[in-house]
Amino acid sequence: MSLLIDLQNINLSDHTEKIIAEYIWIGGSGLDLRSKARTLPGPVSDPSKLPKWNYDGSSTGQAPGEDSEVILYPQAIFRDPFRRGNNILVICDCYTPAGEPIPTNKRHSAAKIFEHPDVKAEEPWYGIEQEYTLLQKDVKWPLGWPVGGFPGPQGPYYCSAGADKSFGRDIVNAHYKACLYAGINISGINGEVMPGQWEFQVGPSVGISSGDQLWVARYILERITEIAGVVLSFDPKPIQGDWNGAGAHTNYSTKSMRSEGGFEIIKKAIEKLGLRHKEHISAYGEGNERRLTGRHETADINTFSWGVANRGASVRVGRETEKDGKGYFEDRRPASNMDPYIVTSMIAETTILWKKT
């Protein structure tokens, strides 16, 4: 076993100019992450210099067997925390051989929105709070919970320390450092209200990079939990009953919101979000109706509301933003399994491009 670890940890840069690039893409479910590796002749820092690649889309639910080739277009590069050295992780999106984005390629349409001159001028910033649950591998029950049973009620677990309250911290800390190594703008971590549930935050990130960074952070977490023999769940309500669900609260601001008088711009943006509440909810993650019940720090899924410092609202504005008259707001509706390309671009589209009729 020690020899196996030694081989995995070989520093290739001591022996060859060649590097390994792990190409990552999103599979047919819209949440499953796939990847495969290839050798490149030397270090690369510009994704446009990377070769396109292909894969069998019939094995990922993205193409029929008789015409199964899907093309990977490299879009962003991150340092590889697993292989290290000059090796890289590459986030890709997916196209037909004719160059058309396949239906599950949500990055393509998001990039169009972020490339709109009006959106670019506003420099939209995002900070995404990604909640997730760690599960025991063989029983698919939260880490630290008695098998088939329940721990004590919620209260002592949020941001806690101690073997009877905090479960999985080694995984969480490994992920935190791996993301920093990779070049992801991960800004923090914390234990969540339900035991076995954690959160990491990515941002502030601008435009399309927010989605790229969150997807790669998810991929790194999948790899780390794989090594640890723990199952990663992004289910928005993994345990029914009096337990908190898992969300992906999305903090957002534009240049106008961050400038003097920005609070008035924020209120107008929130009004627009309320007018398109149903469209946003339909795009904010599967199973969200089990989470957005009006309980456990959520607003009811059928009702839009906003408030200052109100964690039971659809959209929360911080006290500091109200006091300063400028800043950001938090959309608390997205589920933990949301697609960040869809959510970030939709918020920008509604608040910047959409016109009330």
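Guide: Buried means under 20% relative accessible area, exposed over 50%, and partly exposed in between, with a 1.4 Å probe and protein chains only. Helices (H or I, at least four residues) and strands (E, at least two) are DSSP runs, numbered from the N terminus. This is a predicted model, in which local features need pLDDT of at least 70 and side-chain atom pairs count only at pLDDT 80 or more, while totals for chains, interfaces and linings use all residues. Residues are numbered from 1 along each chain as its sequence is written, and side-chain values use heavy atoms, with hydrogens and water left out.

Visitor: How many residues of β10 are buried?

Guide: A248, T250 and Y252 point one way from β10, whereas H249, N251 and S253 point the other way, and all are buried. Of the 6 residues of β10, the number buried is 6.

Visitor: Which residue is the bridge partner of T250 in β13?

Guide: Two strands pair if DSSP finds at least two bridges between them. β10 pairs with β6 in the antiparallel sense over 6 bridges, and 3 bridges join β10 to β13 (residues 329–331), again antiparallel. Within β13, the partner of T250 is D331.

Visitor: Which residues lie nearest the centre of the largest pocket?

Guide: A pocket is an open set of points on a 1 Å grid over the protein atoms alone, where a 1.4 Å probe fits, with protein on both sides within 12 Å along at least five of seven lines, and its lining residues have an atom within 4 Å of a point. The strands β6 (125–136), β7 (186–191), β8 (197–206) and β10 (248–253) each supply at least two residues of this lining. Of the 36 lining residues, those nearest the centre are E129, E199, N251, R316 and E330.

Visitor: Which element gives the most to the lining of the second largest pocket?

Guide: Of the 16 residues that line the second largest pocket, Q8, P81, F82, R84 and I227 are the closest to its centre. The elements giving two or more residues to that lining are α1 (2–8), α4 (169–182) and α5 (208–228). With 5 residues, the one that gives the most is α5.
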